[in-house]
Amino acid sequence: MSLRLSHLIGGQAVTATRGAWLDVFEPATGQAYAQCPDGDADDVAAAVAAARQAFPAWSALPASDRAAWIERLADALEARLDEFAAAESRDVGKPLALARNLDIPRAVSNLRFFAAAATQFASESHSAPGIVNYTLRQPLGVVGVISPWNLPLYLFTWKFAPALAAGNCVVGKPSEVTPVTAWMLGEVAREIGFPPGVFNIVQGRGAAVGQALVDHPQVKAISFTGSTAVGTRIAESCARSLKKTSLELGGKNPTLVFADAPKAKLLDTVVRSAFLNSGQICLCGSRLLVERGYYGEFRDALVARAKALVVGDPQDPATTTGPVVSKPHFDKVMACIALAKAEGGRVLCGGDAVQPAGRCADGWFIAPTVIEGLGPDCRTNTEEIFGPVVTLQAFDTEDEALALANAVPYGLAASLWTSDLGRAHRLADRIEAGVVWVNTWMNRDLRTPFGGVKQSGLGREGGWEALRFFTEAKNVTIDLG
Ligand SMILES: NC(=O)C1=CN([C@@H]2O[C@H](COP(=O)(O)OP(=O)(O)OC[C@H]3O[C@@H](n4cnc5c(N)ncnc54)[C@H](O)[C@@H]3O)[C@@H](O)[C@H]2O)C=CC1
Ligand SMILES: O=C(O)/C=C/C=C(\O)C(=O)O
């Protein structure tokens, strides 16, 4: 095991103050292949101090200069797209093509999008007879961003790019389960001479590094993506110091399929929404709600498609479905499948671990699983599984479809399939979710507000929402005399 990662603090690659390390595993093989610093509160304190020192100069730069630095980072990342895609695929277990076509290009887009946004972000002014108000949007100072393991660089950049664009300095904490591409990006930042201290990365466990970042009095805001349990804990901690929080949490997203759904893209998209990234995307449609008259035909076609997915080595171009990310997560998902059976669910396909031949024999693979026969209130249909597991439920009316869609504590995203425009608008209005897609799924425009309601989170990311989150509004009123 030769690969040893580092923190990025004040423009320097450094190891954990107390010299401790965490093993990093390749999910496809189950073997440790790297070590990342097992950081602690001292490392966080050093990173925050570096960020505070860098803040006056960074925030004083013209927005166009900040944008140019972020663009340079994007250029350097894009120049190494294949290297980053290979690393992301290895670290998460996602098919190489997925990392190459989605994760890393989106990370590049995140950087470019917010670089451009930095130069377009304008403040409001409000005039009245004899009075003019204008609102300054000022950076907060040092902000913390905490990202998960499912879309590592995609979500890390989605958070730190707007923070930097708005003039803040960042301390980022990637998931300890998938720390490699964030570390690589830190190395790239050093190579291009990114201003030291503006962008810092502290590696390590959530309970140590993450919590220290959340608790640090000089950190003015936390942007977090991950589980609802941890998000709730972060909200409690931040409430004590009145820190701003943006929380993008779990989902139990419904896919509503009406008999009049346009069929051309339906199955391809629903299968993608169910099993992409082994179902480990907070937007995945894990509850398939199907109009009864179309249920049998849809179910049979879906099961045939799920069985045709190729589970195996992420490096094999034929593979559609890699392993899940870790042994604890494998155990969790398998326990969810066992629970579904105990609750009376019928497993129509999958339901088992898969053991590919060769180098992946000890990897954490689970067959794409479709389950029917469960009611809306059971744990399988209300708790996030975050794996390649979906359930089917039938409905008779639009009202029943809506009630099923809303029958969970989560409210992140919904995908709705119908040719009836009126119905699409009625349901889009009444579904409890932050994001509704009609006849599509995960169709992302980075300008749109992104986030959830209920237990799926607080606040919105994307476009101006992100820049507003990472700034404080100050209104100035002038009496024109
Ligand atoms: N966006 C989403 O919806 C995601 C949801 N999940 C859900 O969460 C479950 C558990 O996955 P985990 O990786 O354990 O997610 P997690 O919520 O524990 O981890 C997300 C990030 O938060 C950090 N973290 C953990 N505890 C923290 C604390 N006390 N203070 C600050 N940061 C902390 C982690 O180190 C990681 O960087 C999954 O099974 C899945 O259901 C996981 C990843 C993404
Ligand atoms: O911004 C996107 O396109 C996707 C975001 C996905 C997550 O936040 C997630 O899976 O955690």
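Figure 1. With 17 C-beta neighbours inside 10 Å, Asn439 counts as partly exposed; a residue is called buried if 20 or more other C-beta atoms lie within 10 Å of its own, exposed if 12 or fewer, and partly exposed in between, with C-beta atoms placed from the backbone. The model is predicted, so that local features need pLDDT of at least 70 and side-chain atom pairs count only at pLDDT 80 or more, while totals for chains, interfaces and linings use all residues. Residues are numbered from 1 along each chain as its sequence is written, and chains are lettered from A and ligands numbered from 1 in the order in which they are written. Asn439 sits in the loop between strand S22 (435–438) and strand S23 (453–454); helices (H or I, at least four residues) and strands (E, at least two) are DSSP runs, numbered from the N terminus. Its phi is near 55°, a positive value in a residue other than glycine. Lys454, located in strand S23, also has a positive phi, near 55°, and is likewise not a glycine. Lys454 is partly exposed, since 18 other C-beta atoms lie within 10 Å.

Figure 2. The domain assignment divides the protein chain into domain 1 (3–249 + 456–479) and domain 2 (253–447), the bounds coming from an automatic or database domain assignment. Taken over C-alpha atoms, the centres of domain 1 and domain 2 are separated by 30 Å. Domain 1 contributes 23 residues to the contact and domain 2 contributes 25 residues; two residues are in contact if their C-beta atoms, placed from the backbone, lie within 7 Å. On the side of domain 1 that touches domain 2, helix H3 (81–92) and helix H4 (96–120) are the elements that give two or more residues. H4 gives the most to this side, with five residues. By class, this side of domain 1 has twelve nonpolar, ten polar and one charged residues. In that classification Ala, Val, Leu, Ile, Met, Phe, Trp, Tyr, Cys and Pro count as nonpolar, Asp, Glu, Lys and Arg as charged, and the others, Gly among them, as polar.

**Figure 3. The largest nonpolar core.** This core has 145 residues, of which Ala51, Ile70, Leu111, Ala165, Val170, Val171 and Leu256 touch the most other members. A nonpolar core is a set of buried Ala, Val, Leu, Ile, Met, Phe, Trp, Tyr and Cys residues joined through C-beta atoms within 7 Å. H4 supplies the largest share of this core, 13 residues. Both domain 1 (3–249 + 456–479) and domain 2 (253–447) give residues to the core, so it lies between them. Ala51 lies in helix H1 (residues 41–60) and is buried, with 26 other C-beta atoms within 10 Å. Leaving aside neighbours within four places in sequence, Ala51 is in contact with Val142, Cys169, Val170, Val171, Gly197 and Asn200. Ala51 and Ala165 are 114 residues apart in sequence and, C-alpha to C-alpha, 15 Å apart in space. Leu111 touches Ile70, Leu73, Ala74, Leu77, Thr157 and Ala161, not counting residues up to four places away in sequence.

**Figure 4. The surroundings of ligand 1.** Ligand 1 is surrounded by 29 residues, the closest being Gly206, Gly210, Gly226, Ser227 and Cys282; a residue is near a molecule or strand if its C-beta atom, placed from the backbone, lies within 6 Å of it. At least two residues of this shell come from each of helix H7 (206–215), helix H8 (228–241) and helix H11 (327–342). H7 gives the most, with five residues. The shell around ligand 1 comprises eleven nonpolar, twelve polar and six charged residues. Domain 1 and domain 2 each provide at least three residues of this shell.

**Figure 5. Ligand 2 and Glu248.** Around ligand 2 are Pro148, Asn150, Leu151, Leu155, Trp158, Thr225, Glu248, Ile281, Cys282, Leu283, Arg444 and Phe450. Eight of the shell residues are nonpolar, two polar and two charged. At least three residues of the shell around ligand 2 come from each of domain 1 and domain 2. An unreviewed UniProt entry places the feature "active site" at Glu248; UniProt positions are given in the numbering used here, feature names are shortened, and annotations may be inferred rather than shown by experiment. Glu248 is found in strand S12 (residues 244–248) and is buried, with 27 other C-beta atoms within 10 Å. Not counting residues up to four places away in sequence, Glu248 touches Thr225, Gly451, Gly452, Gly457 and Glu461.
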